[in-house]
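Good morning, and thank you for the time on today's agenda. I would ask everyone to look at the sequence and the model as I go through them.

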Amino acid sequence: EIDTAHGLAAEQLGLARAHGDRRWEGDALTRTGMIAWTRGDLPAAAFHLGQAVDALRAAQDRWRESFALSHLARVRRDARELPTAQATAEEALVAARLVGEDTVLGFALDILGSVLHQRGQSGSAGELVEEALTHYQAIGYREGEASALQATGRLLLDRSDPYAARRAFGSALELCLRLGQRGGITTSLEGLAQALLASG
């Protein structure tokens, strides 16, 4: 319910700014950026997430800062700004490691892994995605687990192992079907189709 979410985030942002609360301002800006990304408006997403990072640094909220940085790295990755995306994702991971909590660690590792994969650094990407999967599984974050399995499938296709890729995409598809996560279902099916084609 994107329009409703956007309205609530705007209301939260207004309240946070009226009370001078930088933490909740940053939180609202992160959500606004995520909504812009969902709508495919990458420039707006980057703008709001950049503002979110500034607010959260001022509030010294490292957990939310890492989360905002990871989202910003994903936006820059999708905009094909790969060197900047990598630098942002590395910042996110530094903040996440300082916090030491599984959700932000998993997300930061997942995003950095995807950026490195796109930059042709499959070995390093594989290690990061494997670590991300461990953090997601530790807290039962199934959507994150599916994302890491999809990334694993793509890496396995690069390594010419379509049979293992089929297992990874198949597991991701099962999770996404259970969650009703339509974007994840589509991504898993596309990966599964590629793996089936590669295996004949």
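Predicted model: local features only at pLDDT ≥ 70, side-chain atom pairs only at ≥ 80, totals over all residues.

Gln60 is not a glycine, yet it has a positive phi of about 55°. Its relative accessible area is 69%, so Gln60 is exposed. Here buried means under 20% relative accessible area, exposed means over 50%, and partly exposed lies in between, with a 1.4 Å probe and protein chains only.

Residues are numbered from 1 along each chain as its sequence is written, and side-chain values use heavy atoms, with hydrogens and water left out.

A second residue with a positive phi is Ser160, at about 60°, and Ser160 is not a glycine either. Ser160 sits in the loop between helix H8 (142-158) and helix H9 (162-179). With 64% relative accessibility, Ser160 counts as exposed.

Let me now turn to the chain as a whole. Its secondary structure comes to ten helices and zero strands, and from the N terminus on the elements run α-α-α-α-α-α-α-α-α-α. The radius of gyration is 17 Å, close to the 16 Å that the globule rule gives for 200 residues, so the chain is as compact as a globular protein of that length. That radius is taken over C-alpha atoms, and the rule is 2.2 Å times the number of residues to the power 0.38. Along the principal axes, the C-alpha atoms fill a box of roughly 60 × 35 × 30 Å. Of the 200 residues, 44% are buried. Among contacts with a separation of 6 or more, 54% come from residues 24 or more positions apart; a contact means heavy atoms within 4.5 Å.

How do H2 and H3 cross? The axes of helix H2 (residues 22-38) and H3 come within 7 Å and cross at roughly 160°. Axes are lines fitted to C-alpha atoms, for helices over the stretch in contact, and angles run from 0 to 180 degrees between N-to-C directions. H2 and H3 are therefore roughly antiparallel to each other. Angles over 145 degrees count as roughly antiparallel, under 35 as roughly parallel, 65 to 115 as roughly perpendicular and the rest as oblique. The crossing of H2 and H3 is left-handed, meaning that the near helix is turned anticlockwise from the far one by less than a right angle; clockwise would be right-handed. Among the residues that meet are Arg22, Leu29 and Trp37 in H2 and Leu42, His48 and Ala59 in H3. By class, the contact of H2 with H3 has twelve nonpolar, six polar and five charged residues. Nonpolar covers Ala, Val, Leu, Ile, Met, Phe, Trp, Tyr, Cys and Pro; charged covers Asp, Glu, Lys and Arg; the others, Gly among them, are polar.

The next pair is helix H3 (residues 42-59) and helix H4 (residues 62-78), which pack at about 155° with their axes 9 Å apart. That makes H3 roughly antiparallel to H4. H3 passes H4 in a left-handed crossing. The contact includes Leu49, Val53 and Arg57 of H3, and Arg64, Leu72 and Asp78 of H4. Its residues divide into eleven nonpolar, two polar and four charged.

Further along, the axes of H5 and helix H6 (residues 102-118) come within 9 Å and cross at roughly 155°. That makes H5 roughly antiparallel to H6. The crossing of H5 and H6 is left-handed. By class, their contact has 15 nonpolar, two polar and two charged residues.

Finally, is His135 buried or exposed? His135, in helix H7 (residues 122-139), is buried, with a relative accessible area of 15%. Not counting residues up to four places away in sequence, His135 touches Asp102, Leu105, Gly106 and Leu109.

Definitions and conventions
Helix = DSSP H or I, 4+ residues; strand = E, 2+ residues; numbered from the N terminus.
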